Amino acid sequence: MGQLIIKYHIKYLILRQVSINLYYKIKFLMHYHPENIEPKWRQKWVDESLYKISNESVKPKYYVLDMFPYPSGAGLHVGHPLGYIASDIFARYKRLKGFNVLHPMGYDAFGLPAEQYAIQTGVHPAVSTDENIKRYREQLDNIGFSFDWSREVKTSDPSYYKWTQWIFLQLYHHYYDLSENKAKPIKELISSFEKFGSAYIRSYHSHDSDFTANEWAEMSPKQKDDTLMNYRLAYRKTGYVNWCEALGTVLANDEVKDGLSERGGHPVEKKAMMQWSLRITAYAERLLQDLDTLEWSDALKSMQKNWIGRSEGAQMFFEIVGHEEKLEIFTTRPDTIFGATYLVLAPEHDLVKKITTIEQNENVEAYLEYVSSRSEIDRMSEVKEVSGVFTGAYAKHPFTDNEIPIWLGEYVLKDYGTGAIMAVPSDDERDQLFAKKFGLDIIDVVDKSEYPGSTMHDKTGKIINSDFLNGMEVMNAIQYMFEQIEKTGIGAKKVNYKLRDANYSRQRYWGEPFPIAYNKEGVAQPLSVDKLPLTLPELENFQPASGGKSPLARADDWVGQIPDMTLETDTMPGFAGSSWYFLRYMDASNENEFASKKAIDYWQDVDLYVGGTEHAVGHLMYSRTWHKFLYDLGLVPTIEPFKKLVNQGMITAYGYYAENLKFDDGNTLIGNIKDIKSDHNIHVGSPIRLAYINEHLDSQNRVTKSKFSEYIESIGKHFNVLNDTTKYYWAKDDNGEDYFTVNIIQEKMSKSKYNVQNPDEIVTKYGADCFRMYEMFLGPIEQSKPWDTKGIDGVNRFLRKYWSLYFSEKGWEVSDEAPTAEENKILHTSIRKVTDDIERFSFNTCISAFMVCVNELKRLECNKRQILEPLTILLAPFAPFITEELWEMFGNKTSVHSADYPVFLEKYLIQDTVEYPVCVNGKKRDTVEVSAQLSQAEIQAIALSLDNVKKYVEGKDVQKVIVVPGRMINLVIKE
RNA sequence: GCCGAAGUGGUGGAAUUGGUAGACACGCUGGACUCAAAAUCCAGUGCUAGCAAUAGUGUGCGGGUUCGAGUCCCGCCUUCGGUACCA
């Protein structure tokens, strides 16, 4: 009997357990659990190569590209993926719309930080770079991007940089022909030299003296090489470069910010060095003109325009008294020539030594020494400080024959124009400051009395004191002078650009080696293509070699690997590999070409490029130039590489500063509380960064003493903090508690500021879908905004609500019933809104459209397949995991990401009634719902009959009634 | 200095061609459910006055155009980004 009872009891227990299990299973299903969904699909998409795409397709192509990252040791923070998420949504959207979408990713893997790290730790840059890439890849995969990883590109991979070297050789083997306005083989130039010397050559060059065919024939190989260097698009010259001692290398202009290196913020100085350069100035005009063909923001285009800096002016020759050479100057204001009372040369100008008189020699020498001692930062910080010296020489004014002095001045730049100016102190601020300081003549030549408020900068006024120009308007006088200058043969009209040729040599290890060797005479010998790639040697010590040379100079075996030759030991700069990577993705594993013609002809160019503004001038300028060069060679079919460009804003972090805490040793340095040693005491006095204090702040950004102690403990510190309230500057709040106020500012995310937010943490907590949508929900993509997780619960709630549409207490429950008109209207309103917004890159409003849609469907308790299925596709680009899971539960066998985009049908939006706001004199007084068929007169009558409206209209004169169909009604009455 | 972008509730932001300012969220307040908490759900929420209906007011500031302005025009202020002796 007892046994039986026990038996039953066990049976009951088992049954109970089964039903409990079932209950929990259903309960579990009912709720959204990203941690169970996401890993499964991540794996499945890899297994099925879902995002792998082919170069052959009948579908139209679309190329969505992100600026590839430099894989830094700090890993990705939440700011990096912002642009990637946007582009991924767009790529997925285009795929659903039936395009064959190229959406690749790779790494800009050469660069200084890895090498600096190697110097400090001895870890080979290749090793640390690969580790960093591995970490990046894991972080990227976590977020669910649809990259085709089979096309991954790594600039430091020899199979990639083989082609970077190859393109460099093409640049080396070409010159820029001005008659045809394109790059042409240097061979053609040589044969022209052989026949005609330098005559008949219209090319972009840095050569200053002509030669005959005979002279050419008699040149030594070295002389020929030197001459050709003046024409090649990749050439070697001695020039003043931006030398950074701390980094031990030269930098390009765009790598220098405010006289400091962009990476690291070290001082930069001008130094004369033998360097490889790219003649990008040859392309200046095309780079400027073709901006018009691009769908880039005006802000970005104007940045490029400024950087190119085109200005029209005149080139003029001044005779130097007692010398044969003429002095060539550049001016945009030839109309002011009669106001030119002296000339100024850049201190580095070639003629300085020649024209300086014996009496002035000492002064000039001293001045040159002073100038060379000054770093860029010195020069910049004292821009208004005038310095200069008289050379003792005089020039003849071409129109008055007066002798005017020639000076040297720091404010005239060697690299711009001709490095020499005519100074017109009456109409140029800099010239005026200079003239006043050194007591030089000033002649007024422009009368601006008719233009009150105009400045020296404006090209307005009447010319005076100027002989044949007197009485002319400035703009007319400029034109007239252009003619006069050409007529009298003293010069010519000329266009000048601020853009400089790019320094292309770096004295570093971790970059592409130049495929160049030098023979005993020092003549450059390009390596033949079959020798490529020229790979980097293995090194153990990454310290720069002596004499400002790259560490490669110490690898003797490597340098001397070709008999009787020495290899170039400099390496290429960071922008080399990134100037053409977008082409490599088209055909990433091609061993015979940088990319096949077929692949390039299919993919053409990048339709959408997404990246930060920090590359506005550097990378984008270089890529455009390389692309145009390849176009000239017939290797790419398009003149521009990036049709449309979107700049994502930066995600910043909040910085929390205690304005008045300081160390008890009185040190007032701005510090970071995490870096302060625990045995230190802190005082009130000067800003200290308080990372992660936000949770301890009250609504007025104050922290009380007790909260502050909690905070100190939470960051693992044990200060004897601030116990003596008499000693420190605590304030007292209403409850008598001590507090201080924390100052909150926006700043960059960086490791050293302890404000970096790792996306992995968010993905673990909320799922990738939520992370993606939340980043988009933060605000417009182009805008900079601080990271804040405050609103993430809203998105999380949305996803759970969306999920819950598909489930009842019994589990999955989707009905096959036909949708109501209202349900269809909700769906199609969303389809239209979301589609429009994706097209205009307004992703934040897409998210709110989804929220509105789901809120309304939830209100109607809609679980109809015909509504939910299209909605799932619509949402798939934003939330690829949850939609894929639900899509599968619908019973679909193929991925939601290869489904067809839902079609918007206008018919579901047609309404029988319209709700009108009724305004009186522009102020809303009532609303009224009327039939959509009513005429304007009928609507008017209804509007006037409303009680709320009568109140305002009664006894007054209705002058006008405005009915904007479907929009609003306005009654104009006279008071 | 010059060039460019932007200023909207307590917060992030919406308003696409001049047509209901504050969508959608966060936060906050109150309520339901719960032994309780979390989660969830419901209601409210620009500001001022009022029990309320409602009225006034409100998109950085000052003017203007318009029946109507966050949006267009003129003049300023502030913030951010770029640039810096460019002749």
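Leu860 sits in the loop that links H27 to helix H28 (865-875), where helices (H or I, at least four residues) and strands (E, at least two) are DSSP runs numbered from the N terminus. This is a predicted model, in which local features need pLDDT of at least 70, side-chain atom pairs count only at pLDDT 80 or more, and totals for chains, interfaces and linings use all residues. Residues are numbered from 1 along each chain as its sequence is written. With a relative accessibility of 25%, Leu860 comes out as partly exposed (buried is under 20% relative accessible area, exposed over 50%, partly exposed in between, with a 1.4 Å probe and protein chains only). Setting aside neighbours within four places in sequence, Leu860 touches Glu822, Glu823 and Ile826, contact being heavy atoms within 4.5 Å.

As for helix packing, the axes of H25 (residues 792-804) and H27 (residues 843-859) come within 10 Å and cross at roughly 45°. The pair is therefore oblique (under 35 degrees is roughly parallel, over 145 roughly antiparallel, 65 to 115 roughly perpendicular, the rest oblique). H25 brings Gly794, Val795, Phe798, Lys801, Tyr802 and Ser804 to the contact, and H27 brings Phe850, Met851, Val854, Asn855 and Lys858.

Elsewhere, 3 strands make an open antiparallel sheet, ordered S24-S23-S25; strands pair if DSSP finds at least two bridges between them. Strands S24 (524-526) and S25 (566-567) are the edges, each pairing on one side only. S23 (residues 516-518) joins S25 through 2 bridges in the antiparallel sense, and Ala517 has Leu567 of S25 as its bridge partner.

Notes:
Chains are lettered from A and ligands numbered from 1 in the order in which they are written. Side-chain values use heavy atoms; hydrogens and water are left out. Axes are lines fitted to C-alpha atoms, for helices over the stretch in contact, and angles run from 0 to 180 degrees between N-to-C directions.
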